[in-house]
Amino acid sequence: MPHIQQLSPHVADLIAAGEVVERPASVAKELLENAIDAGATAVTVEIKDGGMTYLRVSDDGCGIAPAELPTAFLRHATSKLRTAEDLAAIGTLGFRGEALAAISSVSRLDIFTRERGAQSGATLHLNGGVPGEVADAGCPEGTSVIVRDLFYNTPARLKFMKRDSAEATAISGLVTHLALSHPDISFKLLKDNEETLHTPGDGDLKSAVYAALGREFTLSLVNVAGRDGDLGVDGFVTRPLNGRGTRSMQTFFVNGRLVKSQLLTAALEEAYANRIMKGKFPGCVLCVTLPFDMVDVNVHPAKTIVKFVGEKQVFDLVYHGVMDALDREAKPERAGSPAPRPAQETKNPRGDFYQSMTAEQFRAQSAAGGKSAASAPKPASAAKPAFRTSIPAVDLGELSGRARAADFVQHEETPRPAPAPQVSAKTPGAPAVPAEPVPAAPVGHPTVPAAPEPPAEPEQETLMPEAVVPWRIAGEVLDTYIVCEDADKTVWLIDKHAAHERVNFDRFKAQNTPIMSQTLLAPLVAQLSAAEYSAVLDRLELLRSFGFTCEDFGDGAVLLRAVPADIDEGDAVSTLEELAGKLSEGGRADPAAARDSLLATLACKASIKGGWKSDERELRVLVDRVQSGEIEYCPHGRPVKVKLTQREIEKMFKRIV
């Protein structure tokens, strides 16, 4: 039996690092939370190579005393907790005391710090968690932590790291969220010596949203403010018409901490019930404040998942706060605007405009107007010259037909003179009237022949002869499901959207060439989150093979110049958002599986939708593909048809037991 022994401090630190430090973004998160807890008003983050080789976080906070520097890198060493009772009311972002110890154990770390009011600062270097000597250093007030060569001593962890651009995107998203949760702090992000984010830190949440998420998203926001005793919710939500294809723009904070909560998401989307299109999701930046003892943040090492004591109260707070904001937007209070005058008090400046009168008054006025008009002389400018014509009196339909025939004859190169025949008034396209004699045309003028009868249109051939089809389309219900009956007296319900989705998916997958695209007359702009934005710019060639031609438009926006030919222009932006969401998640390890996932999204958007009116020929093609066994499931695994046997139907009606 193996002997039980205590792990060495170095191995224990490596295990803790595996829980706390997953990637460069984890390092940035811990250091930024320490900077915020230190009372900083300005924080700068600088990274190189996605943070793998160089990551620096500088703040103007309170700093660390030189004598306490070695202690700060010991496990469970913290200045934020004193007693066990403090765990029930945590008001700081960090509190475990494991961050600095875990980070230093898997990197080469340097720290420079200076307390406020001190004459000089101090520095300490750690290599793999082993500290050196504390030395004096000239540095500004606050703390700067530099992390180099992350995971240099644990090469097994390096193979799990993503591309540098993906790691940089994760850090960018982290800084964005912290900037939104603390609008009173100015955040600056430098990526490979280029500034990509800078918030003003003026305390206005909308200013932070504008700097972090862009102008288009900010213009679509509605203010939210709700209170329920000690609980409050503040922030912004998007208007229902500005719904997105994913939940990537939903951001929730609880007491200044970024959290992922199904409870808050459900409350938000429940408030949009019957207001937003199906398949669209609202965006938000909501800050929930509540007493510290009502939330438990110590349920996950990353502290992004929390538990609430009164879940229903928190749900109602967010639900009613968002719903009230949407109601105010739908029915804005027009303070200061005059009330409309009653209809009976409204006077018409023109007495002859939109008058109300009885039939007798109208007849009397018309009779009086007619007499006055007959007695009054007409002005010379209004007099019409008289024309002598030889065309007999016919209706407008016959005259129009003759005019078209005359126009046809005038375009002949050599008109043939002929005696004036008796032209029947039975011109194609005109009502029948008795034939009248037509005077002879003057010499040198062509006559008007009768318009030729249009050739009969050939009958359209059906896609499949009825005699050889082993099934019959009985109809369509709910404009979504096709009802079909086969020769075995079995009834099938076929989901036309799912069937068409599979047809498109198989067609896209079988193509060896890029999907055909169509160039837009006016480019479209897609506003994406930081992760989606970076993922799209890294995969422009892949998106081009799917029919999307995109360009960087700056500040998280992508310019869309061409879309797949099967995609409607109105669905182009939402389709790109869904593809960007899949790309930002990293997809699966297998490139073929990742491509299939993207093609499934594209096929879904290019398919006919449930509720659309469909032509009978379209339904017949889909049923043929399904009933032949070629299609059984949609790309997402849903069945495309449901079977009802004659026995099952008769049992429903109690015809058999």
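In which helix do Lys-312 and Asp-316 both lie, and how many residues apart are they? Both belong to helix α10 (residues 311–330), four residues apart, about one turn of the helix. The model is a predicted one, in which local features need pLDDT of at least 70 and side-chain atom pairs count only at pLDDT 80 or more, whereas totals for chains, interfaces and linings use all residues. Residues are numbered from 1 along each chain as its sequence is written, and side-chain values use heavy atoms, with hydrogens and water left out.

**Overall architecture**

- The protein contains 19 helices and 23 strands; helices (H or I, at least four residues) and strands (E, at least two) are DSSP runs, numbered from the N terminus.
- Of its 657 residues, 38% count as buried, where buried means under 20% relative accessible area, exposed over 50%, and partly exposed in between (1.4 Å probe, protein chains only).
- Among contacts with a separation of 6 or more, 68% are made by residues 24 or more positions apart; contact means heavy atoms within 4.5 Å.
- The accessible surface amounts to about 38400 Å², and 55% of this belongs to carbon and sulfur atoms; accessible areas come from the Shrake-Rupley method with a 1.4 Å probe, and for residues only the protein chains shown count as cover.

**Salt bridges**

- The whole structure holds 17 salt bridges, each defined as a side-chain nitrogen of Lys or Arg within 4 Å of a carboxyl oxygen of Asp or Glu.
- Side chains of opposite charge can pair when their charged atoms come close.
- In helix α10, the side chains of Lys-312 and Asp-316 meet in a salt bridge at 2.8 Å, N to O.
- An α-helix has 3.6 residues a turn, so residues three or four places apart point the same way.
- Lys-312 is exposed, with a relative accessible area of 62%, whereas Asp-316 is partly exposed at 24%.
- Asp-110 forms a salt bridge with Arg-148, with 3.0 Å between the closest N and O atoms.
- Because Asp-110 lies in strand β3 (residues 108–114) and Arg-148 in strand β7 (residues 142–148), this pair ties together parts that are 38 residues apart in sequence.
- Asp-110 is buried, with a relative accessible area of 14%, while Arg-148 is partly exposed at 33%.
- A salt bridge also joins the side chains of Glu-577 and Arg-244 (3.5 Å, N to O).
- This pair links distant parts of the chain, 333 residues apart: Glu-577 is in helix α16, and Arg-244 is in the loop between β11 (231–238) and β12 (250–254).
- Both Glu-577 and Arg-244 are buried.
- Arg-244, Glu-532 and Glu-577 are linked in a network of salt bridges.

- The buried residues of α18 are Leu-619, Arg-620, Leu-622, Val-623 and Val-626.
- These residues cover an arc of only 170 degrees around the axis, which puts them on the same side of α18; the arc is that of the directions from the helix axis to the C-beta atoms.
- The cover over the buried residues of α18 includes β17 (471–477), β18 (481–486), β19 (491–495), α13 (496–510) and β23 (641–644).
- Gly-629 follows α18 and has a positive phi, near 90 degrees.

- Thr-575 is located in helix α16 (residues 572–584) and is buried, with a relative accessible area of 0%.
- Not counting residues up to four places away in sequence, Thr-575 touches Phe-548, Ile-567, Leu-602 and Lys-605.
- Gly-556 occupies the loop between β21 (549–554) and β22 (557–564) and is buried, with a relative accessible area of 11%.
- Apart from neighbours within four places in sequence, Gly-556 contacts Ala-526, Gln-527, Leu-528 and Tyr-533.
- Gly-556 and Tyr-533 are 23 residues apart in sequence, and their C-alpha atoms are 5.5 Å apart in space.

- Val-477 lies in strand β17 and is partly exposed, with a relative accessible area of 37%.
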